[in-house]
Amino acid sequence: MDRVLPDVSVCMITYNHEIYIEEAIKSVLAQKTSYSTEFIIYDDASLDSTGEIIKSLLNEYEGDVTIRYKRHDTNVGMMPNFIKALESCEGKYIALCEGDDYWIDELKLQKQVDFLEQNSEYRYCGHQSQVLDNAILTPMYIKTGVLVLEDVIVQNILNTASLVIRQPIINELPSLFENAKAGDWMLQLIALKSGNAYIMEDVMSVYRKHDTSVWSSLSSKEKGQLGIDNMRLAKSFFAEDKGIRKLIDKAIKLRQKKFGLEPGSILKRIKRKILK
């Protein structure tokens, strides 16, 4: 008898998140949904007690969600870890939540999967979120409704923990994806090549800013340069679409101006863990 695949896969990557991982995992396990769900957690050989906390939580869990936890023996890097986690997901839909973020609506998955089930024309679904910085929660409002490629070219406007995507998008990922500097952003650009997405009005997740975060720990110019690197990589994905390539060139110039970067300049002091 063939094994029945889950409706939804929740994909979580983590590295040295001992302070945050419990809240992240509990927010996923608190979900109330009529869909069968699997929870995939990939730990990139954390040096702190992240692994011990995960094992303790999983040993105590008595719910219906199938949980698969993988800890690498050695650090493979953020993007390789993300790709391996995505490739392990077997659900029709894949929800993302990194180990230092968390969900705040126990019906988040139900709402988003219901929407995608009823609206097959959309490639993925996002929603409104909040930012937690120094114990202060701030709404991060973005325009609700249809999201098109042009909206995402200039910058990544959706927080990772808000995304639920269709499984076929993962099967379509080109080899260049492994070189992305912002995996969730590149994932959306690839998805939007052949369709639109949708942003729901519900506020259902929190993006946490902290000094040990890969992105938050970068300087403004480093963030600007990484964004440009991501755009240039995306440009090669749209090699046959001159219109999109022109839009990307324009977005690169705008970002160079915004972050005070000279055209063609290269920032040498980029965190090594980002570039892996």
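Analyst: A disulfide is a pair of cysteine sulfur atoms within 2.5 Å. This is a predicted model, in which local features need pLDDT of at least 70 and side-chain atom pairs count only at pLDDT 80 or more, while totals for chains, interfaces and linings use all residues. Residues are numbered from 1 along each chain as its sequence is written, and side-chain values use heavy atoms, with hydrogens and water left out.

User: How many disulfides does the structure hold?

Analyst: The structure holds zero disulfides. Cysteine 11 is in none, and the nearest cysteine sulfur, that of cysteine 89, is 4.2 Å away.

User: Is cysteine 11 buried or exposed?

Analyst: Cysteine 11 is buried, at a relative accessible area of 3%. Buried means under 20% relative accessible area, exposed over 50%, and partly exposed in between (1.4 Å probe, protein chains only). Cysteine 89 is also buried, at 4%.

User: Turning to confidence, what is the mean pLDDT of the protein chain?

Analyst: The mean is 91, and 92% of the residues reach 70 or more. pLDDT is the predictor's confidence in each residue, from 0 to 100.

User: Where does pLDDT stay under 50?

Analyst: One stretch is residues 265-269, and another is residues 271-276.

User: How many contacts beyond four places in sequence does the model have for them?

Analyst: There are six for residues 265-269 and 16 for residues 271-276, where contact means heavy atoms within 4.5 Å.
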